[in-house]
Amino acid sequence: MTKKLAEIVAFLCYLIVAVSGCSDEKNKTRSIQPQTQQTSIVASESKTSPTTSGKNETVSPSLAKEKGCLSCHQGIEVINEKMQPFLLSQAGGKSGFECAVCHEGIPDATTKLEAHKDIYPNPSSMWVLNEGKGCAKCHSDKNAIKSLMGKPQKQHPAGGSLMEVVSYATDPSGASGRNHVYRMERALMALETGKANKTLMSNGVIPKGKWKYANFDMDDPDGPVPSAGSPEYKEWIAKALKEKLIEVMNHTERIPNLEEGTKLWGDPAKAGFADMHRKQCGRCHVWGEGRDKRGDHRAGGCAACHILYTNDAFSESNDPTIPKDVAPHPMKHEITKQIPAQQCNHCHTRGKRIGTTFAGIVEHQYVGSGKTPPFDDHGEVQVPLYTKEYNHVREDVHGERGMQCADCHSSIDVHGDGNIYPVTFYQVEVGCADCHGTPQKYPWELPVGFGTPVETKTERGTYRSGENEYLITTRGNARTRWTKEENKAYLTNVSDGKKREIPLLKNKALESSWKTEQGHVAMEVVSQHMDKLECYACHSTWAPQCYGCHIKYDARKEGIDWPLSAEKHNALGKQVKTTAPGDIHTENVSYIRWENPLLAVNYKGKVAPAIPGCQVVWSFVDKNGVLKEVNKVYKTSDGYNAPTLAPLQPHANTAVARTCESCHTDPKAIGYGVGVSRSSSIIDGDKPHFGNMGFDINADILSSKKAKPQIPGIKDFPYAWDQLVTRSGRQTQNLPLLADRPLNEQERNKVEREGSCVACHQYYNTPTWESIRTNLRKGLHVADGRALTPEEHDKAVQTAVLALAAFVGEIKEPPKTTFVKETVESKKPTLGTESAIDGAALFQKNCTACHTIGKGKLVGPDLKGVTSKRSKEWLIQWIKSSQAMVKKGDKEAVALFNEYHIPMPDQNLSDEEINAIYRYVKTQ
C-alpha cells in the first residue's frame, strides 16, 4: 500500500469513527433498540474539511509523550477554568492529557486513528452519560444510574466514579445541585411527556388526564420523592401530589409509531397523531441533536445547553484542526454556566414559542415565502431562522434589562428533580412573586407555595450563608443570584455579573412610587387582581397566536423519526437520522396574530393568557393513497372540540401592562372572540362575529356548475379560532389540563364592561345632558362643558363617581331598551310564572355541553326518555347536586357516577328554572 493510499484509508476510518455518525450499527451500537419496524438509515453528511482534518495524521513519539492531545490541538480552549485544575490532577498534572478524563481516547498515541480510538466526541451525550462516562463520572451520585429507558443496565449501577459534584451555581445550599444525570434522563427536556400526551389527548386518541407516553420508555426507581431540592421543597411536592395539584408518572411508554398506533387504536388516522409527534414535535429532546437547520444546531446531552452554538454553527475556536467554514461545530471548546437566551432558542421556538417571544419576534404572516423584508445591506431578504422569517414586536422586559433565561429559571426547572412530570407547569418552580413579592408582602414574607392552592402556613424567609441572605422560590429552594439586603432585593446577572436591584411591589406601595396611576389601581387598589390573576395576565401585552393548524398527513411518505434516530445512535452516542413510514405532507396556519391574547383560568385557579396550543384540522391519506379524513376536527374524551387554547406564561412581559380596556372592553380577551359584543350577540346569537369556520366560501359565479368552494367549511367546527366560549356559555375548544377552564359566566359578567359608554351617552342631546355640560363648565372649568380630551373625560367621570358616592336619595331606574331579537343570555326569566321561563333556552345554555336528547351519549348520558325512567323529585335533586346524592349512597346516583367517572357539576338554578328544564326534556 502506498503512503498516499494509507493516508486516505486512515482519514476515511477517522471520519467513520469520530465524525460522521455512520458506524456499523450491528457491531457498535451500545444502546437498546426497542423499535422493530423496517427502517432505512440516512447517513449524515460529513462535516469535516479534508484539508484541515488531514493535518497531523502522525506525530513523533516524543511530541506525543510531551503534549498529548495538544500535539495536534494546540490552541484549543480550556474547557472550563474551574474544572481545569481538577482535570489536570486526574491526568497527573500533564497538560494535553486531561482531555481523556472526559473524551477517553489515548492522548500519547502517535497516529490520529490510534489517539481517537473509542473516543467520545461529545462526552455529555445522554448515551455516554448512561454508561457512567463523560460528565456522569462527576455529575451523578455514585451508582445512581441503574436503568436505561426502563430496563436494568448490564453493567450498572454506574455514575459518580470520580466524584459526586454538588453545584452551588443556582442554589447556595447545594440541595438542588446534585445527581444531574439521573434527573436529566427523566426531565421534560429529555422525555417531552407534555407534548407527547397532549397531542393525543387533545385529538381524542387517549383520555384526558391519563398520562402515559413520552419519547422513550422510562422508569423512576426512586419513586415520587425528588432526588434534589430542599426539605421544604420536598415537603411541598408531597403535599401538592397528595392534594392532586400536580402529578408524577411512575413510568412512561414510548409513543407509538404509525404501525404500532394502528394496531393499538384500530384507526390509522388517529395513529397518525402519535407518529406526527415522532416526525415533528418530538425533535427537541436532549437524547439527540435535532435537525440540521439554521438556528437549530446544537449538541445532545449536557452540551445542548452548556456548549454554545451560533445560528450558523461555524467554529470560532483556536483549535487548528477544526475548519472555520464548515458546519456544524460549537462556537468554542468551552463549557459555560453563563448560558445566553439565544442558546435556549435552539429549541424553544415552536409550540409555546417562549424563546422567540422572549426575544421579541413573531413569525411573519407569509412565513416561508422567501421574500420577507426588510432587506439587508445587499438588498437580500431575511435568511430563514428556525426555518421561519420574523417580525419584531417587543422583547420581554427582563431581556430588555439584560437578563437571560438562567437568571430566573432554576436547576430544577431545567434538569428536573428526578421525578417524571407530565407537563411544564408541574416541573417549573419559579414564579413572579419570588422576586417581586406583592404590594402587601416582600418575597421573604410569602409562604412556600404562594400563588397556588397548596400553601404552607409560615413565611418562607431567606436562606442564610455567611453574611449573605438568599431569596427562595415559591416551592422552597434558595437561589444563588437572588439576594436580600435589608428591605431590598438584588439580582446578579448570569451573563455580565452585574448586580441589579429588583423592583419590590411592597416598597412601591410604601413609598407611593408607582410609575403610573393605572399600576397603582391595578395592583394595590383592586386587590382582587393580585389574588385571582397571574402577574403575566396583565403584563403580557402580547403573545404569539398561531391560529388554525391544518395538517395533511400521508402514510405513503417516509419521514425522519426523531426519537428513533436517537435510539439508533452510533457507538459514539450521536443520533443516526432514521426514516420510517408516514410523514406530514402539508402543514399551514389560518393566520398569525400577536396582539391582546385572550384569558382563561389555569390549573392553579389563576387567570392567565391563553394562546393556540395546537388547533388541529386533520386530513389523512392512507398507505394506499386514499384520503380517509379531510378537514376533520376530533372531540376530546370530555366532549370538547379538538382545537386547543392553552393557558401559559408567554414570556412577553412588559413593565407597562395591558390597559384596563384591553381586557374589560374586549370580547376576545374574555373568550368570546373578536367582535362578539353584547350588541352583536343580540343579532347573531352564538355565531362568531368574524371567522366562522363552518361556512363554505365560494367566491365564484353562483350559477356556474363547475364552481368549487374557495374556502371549504370545517363543518365540525362552526366557531372562530379565537373563540373559547359563546355568550350562551358553550365552551367551543379544548383546554390542555382537566383543571383548565374558560372564565365562567359570573367571571365574564364581572369582567366585561364592553359597550358601557352607552349607559351615559344615551342621554346625549337631551335636557339631562345640557345640565351635565352646565355643571362641568361651573365645577371643572371645562370649555363649553365638553370633555375634549381623555384627561377631561376622566375628570368628568371622577366627578360623577364622587357625586354618586355622596348622593342620598332615590335613584330612578333608567329607561329600558326593547330589542327586536334576544339571545339566550339576554332572556332573564321572571320566577314564579312558568310561562316566563324558557326551558329550551336554559337547556341550551346549561346542559348541551354534556348531554343530548336523542342523539346519543356525550360527556354524560342521552336524556331521551329520562323523565319516564326516574321520578321528577329524584331528577331535581340530581340536577341540584349530583355529588351530594353520591355521598349519601343513592344507588342510582352511584351507578351513574361509576359509569361516566365525571361528576356532574352542581347547577346554580332556581326550582322554577329546573322545572322549566324538566318540562322541556319531557316534551322532546
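**Close-up 1. Pairing of strands β16 and β17 in the predicted model.** In this predicted model, strand β16 (residues 598-601) and strand β17 run antiparallel and are joined by four bridges. Within this pairing, leucine 599 stands opposite proline 609 of β17. Alanine 600 faces another alanine, residue 608 in β17. The two strands form a hairpin with five residues between them, and glycine 605 takes a positive phi near 85° in this hairpin.

**Close-up 2. Pairing of strands β17 and β20.** Strand β17 is also joined to β20, by three bridges, and the two run antiparallel. Proline 612 stands opposite leucine 645 of β20. Strand β17 covers residues 607-612, and six of its six residues are buried, so the strand is largely enclosed by the rest of the structure.

**Close-up 3. The three-stranded sheet.** The strands are arranged in the order β16-β17-β20 as an open sheet with antiparallel pairing. Strands β16 and β20 are the edge strands, each pairing on one side only. Neighbouring strands of the sheet are turned against each other by 50° on average, with direction ignored. Strands of a sheet pair through backbone hydrogen bonds, in either a parallel or an antiparallel manner.

Close-up 4. Serine 637 belongs to the loop between β19 (627-632) and β20 (645-647). Serine 637 counts as partly exposed because its relative accessibility is 41%, which lies between the limits of 20% for buried and 50% for exposed. Leaving aside residues up to four places away in sequence, serine 637 touches Pro207 and Lys208. A polar atom of the serine 637 side chain lies 2.9 Å from the backbone nitrogen of lysine 208. Methionine 201 and serine 637 are 436 residues apart in sequence, and their C-alpha atoms are 7.5 Å apart in space.

**Close-up 5. Histidine 651, a residue with positive phi.** The loop between β20 and α29 (660-664) holds histidine 651. Histidine 651 is not a glycine, yet its phi is positive, at about 65°. Most residues other than glycine have a negative phi. The relative accessibility of histidine 651 is 18%, so this residue counts as buried; the limit for buried is under 20%.

**Close-up 6. Methionine 149, a residue with positive phi.** Methionine 149 sits in the loop between β2 (147-148) and β3 (151-152). Its phi is positive, about 50°, although methionine 149 is not a glycine. With a relative accessibility of 3%, methionine 149 counts as buried.

**Close-up 7. The cis peptide bond at proline 328.** Alanine 327 and proline 328 are joined by a cis peptide bond, with omega about 0°. Proline 328 is placed in the loop between α16 (303-306) and α17 (341-344). Most peptide bonds are trans.

**Close-up 8. The cis peptide bond at proline 374.** Here the cis bond links two prolines, residues 373 and 374, and omega is about 0°. The loop that holds proline 374 runs between β7 (361-363) and β8 (390-392).

How values were computed:
Residues numbered from 1 in each chain as written. Predicted model: local features only at pLDDT ≥ 70, side-chain atom pairs only at ≥ 80, totals over all residues. Heavy atoms only, no water. Buried < 20%, exposed > 50% of the residue type's maximum accessible area, 1.4 Å probe, protein only. Contact = heavy atoms within 4.5 Å. Polar contact = N/O pair within 3.5 Å; in protein donor to acceptor, adjacent residues only side chain to side chain. Pairing = 2+ DSSP bridges. Axes fitted to C-alpha atoms, helices over the stretch in contact; angles between N-to-C directions.
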